[in-house]
There are 2 protein chains.
Amino acid sequence: MTDTIISSASKEVVLGFERPFVIIGERINPTGRKILAAEMKEGDYSRVKADALAQIAAGAHILDVNAGIPLADEPKILAEVIQLLQSMTDMPLCIDSSIVAALQAGLEVYKGKALVNSVTGEDEQMEQVLPLVKKYGAAVVAISNDETGISQDPDVRFEVAKKIVQRAADYGIPACDVVVDPLVMPVGAVNTSGVQAMKLIHRLRTELKVNTTCGASNISFGLPNRDGINGAFLSMAIHAGMTSAITNPLHTEVIAATLGADVMMGRDPDCMNWIKRFREAPAEGEGARGRRQTRRRA
Amino acid sequence: MTDTIISSASKEVVLGFERPFVIIGERINPTGRKILAAEMKEGDYSRVKADALAQIAAGAHILDVNAGIPLADEPKILAEVIQLLQSMTDMPLCIDSSIVAALQAGLEVYKGKALVNSVTGEDEQMEQVLPLVKKYGAAVVAISNDETGISQDPDVRFEVAKKIVQRAADYGIPACDVVVDPLVMPVGAVNTSGVQAMKLIHRLRTELKVNTTCGASNISFGLPNRDGINGAFLSMAIHAGMTSAITNPLHTEVIAATLGADVMMGRDPDCMNWIKRFREAPAEGEGARGRRQTRRRA
């Protein structure tokens, strides 16, 4: 059993093989969101707040926080957003940046045990990020690529993941605090992406025995009915051994696919989570508060 | 490789491990449908026709045909419906009855290689049904229960399936013409049903090396948002090795879960089936002909 504990000051979330699936809400991220980026740059975090509350209401277990805005003071913004979120919710956070100084600024103010997103298998990256993870007693997302790029061969990516886990151990970070991201590529561009992902997730689960996560929406990039592809991917990846995903809980297909998979894997005793969620399903759409009866079958 | 060929006079459908998933449309079945039952009993097959066309339009590959109406002449009705369907469509059929005389009447008039639904592991059943399957060169659905009932232990059900495959061989029916139904129980009643089903499907695929099918909607009986549970079940069962299901193609979640699983398993080259289906998604609801653009993501 491999349990990865992520916490705020007062709340723990655990990733584990026999535990309910963990949804890491992806919405607090200015990438591709011009209005949010402009607001965050000006220190206006009202939309960040609203996104946090909406994702919590929709079923997120952890919130990813990214402040990657061109020409902005990313370390300052990331630290401010983390402090704001920790003042208004007990959700554990995932501190997301490609800039080491921003990760450090975020970790300095964070209360609890954060999930750092992320480190790759590149030596320079590992040398910078892993000591920070150790210093602040955090867990870390390990992305299975290195200086040679992203291999199409899941076995090569497995070896990269293994290297990161070993290097983390050298820094005193146990394997249970390394959450591997198998790197899911768009299946519309690389037709074997689904097969690769399932195979790698299964090896990570059974051989390396680590928890896993991924940017789940990436699988459907460029295809119509993205929610449909995302739902099938999530349910199947959970069957293959995936224990968390960075995704959008506001999409009802994501919630149905992950809670449904929990039911199928025997991780929802008496289907209570499912029944609680869908007996009176919330209306579709972000932030909606209305409720409707689940539609009856013909 | 195990290929199960089911055919009409002019069209073949093949169940196989590396092939796209096969949907057997479940709608032509008067069980629980009072109006349909009354009409079929009177020889009015207009609704049967409509159900056939709607299921074909929705993406069924084979149509299940059941005429189980209390106090009706089931063999006569089943034969008439089969003849009607074969006069209007080239869809291969699954001849579904618990009455041997009805199976025989259906097989007598059927053009092509039918799928007989079903035989259990009970000796008396096997002695009656298997000779018919052999005589008419059909394939058969083998349900993994016997005189002792339905075991909660997937390993016991595996042994029952194995027994039926062996008995079929004694009658000259090859294993590729036995499609095993692992018997999916409602997960709302038996919390381990999903785990049992996945385990059994995987063993049937890897050890007994047979194609599989099941009444997929049964898994969600009694729960809210049945389509959500059914979708998660189908995608995961396909990942575990299931190659067909008897289900309702009019539910868009069923189509998304199965076509999405084909994409994930690398069985939809260039995602062409997915794109064709969802580029302009049909409006929800049975028999709807309207089309709308797939909704864009925020």
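Visitor: How are residues, chains and ligands labelled, and which atoms and confidence limits apply?
Guide: Residues are numbered from 1 along each chain as its sequence is written, while chains are lettered from A and ligands numbered from 1 in the order in which they are written. In this predicted model local features need pLDDT of at least 70, side-chain atom pairs count only at pLDDT 80 or more, totals for chains, interfaces and linings use all residues, and side-chain values use heavy atoms, with hydrogens and water left out.

Visitor: Which stretch of chain A has a pLDDT below 50?
Guide: The pLDDT, the predictor's confidence in each residue from 0 to 100, averages 93 over chain A, where 94% of the residues score at least 70. The stretch with pLDDT below 50, which has 28 contacts (heavy atoms within 4.5 Å) beyond near neighbours in sequence, is residues 282–298 of chain A.

Visitor: Is helix 6 of chain A parallel or oblique to helix 7 of chain A?
Guide: Helices (H or I, at least four residues) and strands (E, at least two) are DSSP runs numbered from the N terminus, and axes are lines fitted to C-alpha atoms, for helices over the stretch in contact, with angles from 0 to 180 degrees between N-to-C directions. Helix 6 (residues 154–170) and helix 7 (residues 193–208) of chain A pack at about 40°, with their axes 9 Å apart. Angles under 35 degrees count as roughly parallel, over 145 as roughly antiparallel, 65 to 115 as roughly perpendicular and the rest as oblique, so helix 6 of chain A is to helix 7 of chain A oblique.

Visitor: How many nonpolar, polar and charged residues make the contact of helix 2 of chain A with helix 3 of chain A?
Guide: Val48(A), Lys49(A), Ala52(A) and Leu53(A) of helix 2 of chain A meet Val81(A), Leu84(A), Leu85(A) and Met88(A) of helix 3 of chain A. Ala, Val, Leu, Ile, Met, Phe, Trp, Tyr, Cys and Pro count as nonpolar, Asp, Glu, Lys and Arg as charged, and the others, Gly among them, as polar. The contact of helix 2 with helix 3 of chain A therefore divides into seven nonpolar, no polar and one charged.

Visitor: Which residue of strand 7 of chain B stands opposite Asn117(B)?
Guide: Strand 6 and strand 7 (residues 139–143) of chain B run parallel and are joined by five bridges. The peptide bond from Asn117(B) to Ser118(B) is cis, with omega near 20°, and Ser118(B) lies in strand 6 (residues 115–120) of chain B. Opposite Asn117(B) stands Val141(B).

Visitor: What is the phi of Cys271(A)?
Guide: Most residues other than glycine have a negative phi. Cys271(A), found in the loop between helix 9 (252–264) and helix 10 (272–278) of chain A, is not a glycine, yet has a positive phi of about 55°.

Conventions:
Pairing = 2+ DSSP bridges.
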